[in-house]
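Look at the chain below and follow it from one end to the other.

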Amino acid sequence: MTRLLLGFIVTPERNVDLVVAWLVMLMVAVVVPHGSLLARPDLAPWVTLCVAVVAALRARPLGDGPHPSLTPRRAWFASVAGRLALVAAPIA
């Protein structure tokens, strides 16, 4: 665990996007009104939003698969639809 945290601190350039997302989430958490959906006591919507943001930032395509008869996905729309599906999966 210590090595993992030390690797995160020592090489922050790889994790700048996650650090910025974390700081933005901290700033947004302060201004969320008490009656809103994100302010529920169990924090489930908030965690779902955080997972969706991380999926949008770090999601990578799974690739074409190991089977040689699968056609590669090279369409622009397929990559956009795949990224949207990764973001929508935690919300759904």
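**A walk through the chain**

Asn15 is buried, with a relative accessible area of 9%. That value, like every other one here, comes from a predicted model. Asn15 sits in the loop between α1, which covers residues 2–10, and α2. Along the chain, Asn15 and Arg58 are 43 residues apart, yet their C-alpha atoms are separated by 9.8 Å. Arg58 will come up again in the contact between α2 and α3.

The chain has four helices and zero strands, and from the N terminus the order of elements is α-α-α-α. Of its 92 residues, 10% count as buried, and Asn15 is one of the buried residues. The accessible surface of the chain is about 7500 Å², and carbon and sulfur atoms account for 74% of that area. Among the contacts in the chain with a separation of 6 or more, 60% are between residues 24 or more positions apart.

How do two neighbouring helices lie against each other? Two packed helices are described by the angle between their axes and the distance between the axes. For α2 and α3, the axes come within 11 Å and cross at roughly 155°. Angles over 145 degrees count as roughly antiparallel, so α2 is roughly antiparallel to α3. The crossing of these helices is right-handed. On the α2 side the contact is made by Asp17, Leu18, Ala21, Met25, Val28 and Ala29, and on the α3 side by Trp46, Leu49, Cys50, Val53, Val54, Leu57 and Arg58. By class, the residues of this contact are eleven nonpolar, no polar and two charged.

One pair from this contact can be followed further. Cys50 belongs to helix α3. Met25 and Cys50 are 25 residues apart in sequence, and their C-alpha atoms are 7.8 Å apart in space. Cys50 is not buried but partly exposed, because its relative accessible area is 23% and buried means under 20%.

Leu43 has a positive phi of about 60°, although it is not a glycine. Its relative accessible area is 43%, so Leu43 is partly exposed.

The next pair is α3 and α4. Helix α3 spans residues 44–58 and helix α4 residues 76–91; their axes come within 8 Å and cross at roughly 165°. That angle makes α3 roughly antiparallel to α4. The crossing of α3 and α4 is right-handed, as is the crossing of α2 and α3. In α3, the residues Thr48, Val51, Ala52, Ala55, Ala56 and Leu57 meet Arg83, Leu86, Val87, Pro90 and Ile91 in α4. Sorted by class, the residues of the contact of α3 with α4 are nine nonpolar, one polar and one charged.

Notes: Residues are numbered from 1 along each chain as its sequence is written. This is a predicted model: local features need pLDDT of at least 70, side-chain atom pairs count only at pLDDT 80 or more; totals for chains, interfaces and linings use all residues. Side-chain values use heavy atoms; hydrogens and water are left out. Axes are lines fitted to C-alpha atoms, for helices over the stretch in contact, and angles run from 0 to 180 degrees between N-to-C directions. Helices (H or I, at least four residues) and strands (E, at least two) are DSSP runs, numbered from the N terminus. Angles under 35 degrees count as roughly parallel, over 145 as roughly antiparallel, 65 to 115 as roughly perpendicular and the rest as oblique. A crossing is left-handed if the near helix is turned anticlockwise from the far one by less than a right angle, and right-handed if clockwise. Contact means heavy atoms within 4.5 Å. Ala, Val, Leu, Ile, Met, Phe, Trp, Tyr, Cys and Pro count as nonpolar, Asp, Glu, Lys and Arg as charged, and the others, Gly among them, as polar. Buried means under 20% relative accessible area, exposed over 50%, partly exposed in between (1.4 Å probe, protein chains only). Accessible areas come from the Shrake-Rupley method with a 1.4 Å probe; for residues, only the protein chains shown count as cover.
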